[in-house]
Amino acid sequence: MEEGAPGAANTAPAGGAPKGAYTFQQKPKGVGRGIYRDPAATQVPRSMNIHHDKRVIKGNTYAAQVLPLSAQMELQMAEKEAERQKRRIAAEQKRKKNEEQKRSLTPEPVEGRRHIDIQTDQYLEELTDNIEEATAETQTDPMLDRPPTPKFVPSKSGRDVECQIEASDLFDFDFEVQPILEVMVGKTLEQAMLEVMQEQEIDSMRQHQLEFEQRRKEEAVETQRLEAAECRKYEEKERRKRQEQERLRRERVTQEKLAARIFAKSFLHNLENRVFGKLQDEGWFYDSAEREVEMVFMPWLNDAVEANLDRIRKNRELADELIRLSLEKARVNSSDSSIVEEPKSG
C-alpha cells in the first residue's frame with residue numbers, strides 16, 4: 001500500500017525524500033491584445049467591468065425586461081441586417097440554381113442505344129489499352145528509423161508502507177455478500193417486474209387509446225354522415241317548401257286572374273246597353289220637343305196650376321170668412337131680439 005497526500009499534492013525526487021511542499025508555478029502570460037489588430041477576426045468589445053456589459057441583466061430578474069431605446073434600435077438594425085443577409089443568400093442560391101438549369105443537359109438515349117465518352121478536342125489522340133512503362137533506378141543513403149518514444153512514467157510521490165494481513169483478518173466475501181446480493185437481486189427483480197407491469201399497463205393504455213381514437217373517428221365519420229344526411233333532408237324540405245309556396249302562389253295568381261277575368265266578363269257583359277241606358281236616364285240623350293215640353297211647358301203649366309189653385313184657395317177662404325161673419329152677425333141679431341121681447345112680455 002501507498003500512503004500520501006490526496007491527489008499527489010506533494011512531490012519528491014526519484015531517489016530521495018521530499019524536500020518541501022508542492023507549489024504551483026506557471027510561466028507568466030499576457031492577457032491583453034496584441035499590438036496589431038487581426039482584420040479576419042471578429043471584433044468583440046471587451047468590458048473591463050461586468051456592470052458595463054450589455055449581455056448582463058440588471059435589476060430584478062422576475063420583472064419584465066424593458067430594453068432601452070438604443071438597445072432596441074441596435075436589435076432592430078441587427079434583425080434588418082440578418083434579414084438582408086438571408087435575402088442575399090437566397091438570391092445567390094436562386095441565381096446559381098437558374099444558371100445550373102440554363103446549362104444544356106444531355107438528353108436521355110433512345111431505346112436500344114447508350115451514351116459513350118468521346119473526344120471533342122481539335123486534335124484527336126489515339127487511345128490504346130497498352131500503358132507505356134519505363135524503368136528507372138536510384139540509390140539513397142541508408143537512414144535509421146526513429147526509435148519509439150518511451151512512455152511517460154510520473155515521478156514517485158509519498159512513502160511506501162507495508163503491512164501483513166492474515167486470511168482470518170478480513171471477512172469472507174462470498175458469505176458476507178450473500179444478503180446484500182439477495183437484497184440487490186430481489187430489488188432488481190422487483191424493479192424489473194414493476195417496469196414490466198408498467199410497460200404492460202402502458203401498452204394496454206396505448207391499445208385502449210388507439211381503440212378510443214378509432215371509435216371516436218368512427219363516431220366522427222358517422223356524425224358527419226348523419227349531419228350530411230340531415231343537411232340534405234333539410235335542404236330537400238326547404239326546396240319542397242319553396243316549390244309548394246311557388247305552386248300556391250301560382251294557384252293564387254291563377255285564381256285571381258280567373259276571378260278578375262270572370263268579373264271583367266260579367267262587368268263588360270251588356271255594358272254598352274247599360275251605359276247608354278244610364279246616360280239616357282241621366283238626360284244626355286233626349287228629344288228636343290219632349291225636352292222643351294219637360295223643361296218649358298211643364299214648369300209653366302205647374303206654375304199656372306199652382307197660381308190657379310192659390311186663387312181658388314183664397315176665394316174659398318174669403319167665402320168661409322164671409323159665411324162665418326154672417327153667421328156671427330145673425331147670431332148676435334137673434335140674441336138682441338130675444339132680449340127685447342122678454343121685457344115686453346113681462
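This is a predicted model: local features need pLDDT of at least 70, side-chain atom pairs count only at pLDDT 80 or more; totals for chains, interfaces and linings use all residues.

Colleague: OK, so how many residues does α2 have, and what distance does it reach from its first C-alpha to its last?

Modeller: Helix α2 covers residues 173–268, which is 96 residues, and reaches 136 Å end to end. That is close to the 142 Å expected at 1.5 Å a residue.

Colleague: Tell me about α3, then. How does its span compare with what you'd expect?

Modeller: It agrees: α3 runs over residues 271–282, and its 12 residues should span 16 Å at 1.5 Å a residue, with the end C-alpha atoms 16 Å apart.

Colleague: How many of the residues in α3 are buried?

Modeller: The count is 0 among its 12 residues, so α3 is hardly covered, given that buried means under 20% relative accessible area. For the protein chain, buried residues make up 1% of the 346 residues.

Colleague: Let me step back. What's the overall layout of helices and strands?

Modeller: The protein chain has 4 helices and 2 strands. Along the sequence the pattern reads β-α-β-α-α-α. As for contacts with a separation of 6 or more, 29% of them are between residues 24 or more positions apart.

Colleague: Where is confidence lowest, and where is it highest?

Modeller: Lowest is strand β1, residues 2–3, at a mean pLDDT of 40, and highest is α2, at 91. The chain averages 78, and 77% of the residues score at least 70.

Colleague: Which stretch has pLDDT under 50?

Modeller: Residues 1–19 stay under 50. The model has 22 contacts beyond four places in sequence for that stretch.

Colleague: Switching to charges. How many salt bridges does a search of the whole structure find?

Modeller: It finds 18. One of them joins the side chains of E83 and R87, at 3.8 Å from N to O. E83 and R87 both lie in helix α1, residues 69–102, and are 4 residues apart, about one turn of the helix.

Colleague: How far apart are the closest N and O atoms of E99 and R95?

Modeller: They are 2.7 Å apart in that salt bridge. E99 and R95 are also 4 residues apart in helix α1, about one helical turn. E99 is partly exposed at 37% relative accessibility, and R95 is partly exposed too, at 38%.

Colleague: What about R247 and E244?

Modeller: R247 and E244 form a salt bridge with the closest N and O atoms 2.2 Å apart. They're 3 residues apart in helix α2, again about one helical turn. R247 is partly exposed at 33% relative accessible area, and E244 is partly exposed at 36%.

Colleague: Now rings. How many aromatic pairs turn up in a search of the whole structure?

Modeller: There are 2. F263 and F267 make a stacked pair, 5.9 Å centre to centre with 20° between the planes. They sit 4 residues apart in helix α2, about one helical turn.

Colleague: Is F263 buried or exposed?

Modeller: F263 is exposed, with a relative accessible area of 56%, while F267 counts as partly exposed at 44%.

Colleague: What's the geometry for F297 and W300?

Modeller: Their ring centres are 5.9 Å apart and the planes are at 40°, so the pair is tilted. F297 and W300 are 3 residues apart in helix α4, residues 288–345, about one helical turn. F297 counts as partly exposed at 39% relative accessibility, and W300 counts as exposed at 54%.

Note on methods. Residues are numbered from 1 along each chain as its sequence is written. Side-chain values use heavy atoms; hydrogens and water are left out. The expected span of a helix is 1.5 Å times one less than its number of residues. A salt bridge is a side-chain nitrogen of Lys or Arg within 4 Å of a carboxyl oxygen of Asp or Glu. Buried means under 20% relative accessible area, exposed over 50%, partly exposed in between (1.4 Å probe, protein chains only). pLDDT is the predictor's confidence in each residue, from 0 to 100. Contact means heavy atoms within 4.5 Å. Rings of Phe, Tyr and Trp (its six-membered ring) pair if their centres lie within 6.5 Å; planes under 30 degrees apart count as stacked, over 60 as edge-to-face and the rest as tilted.
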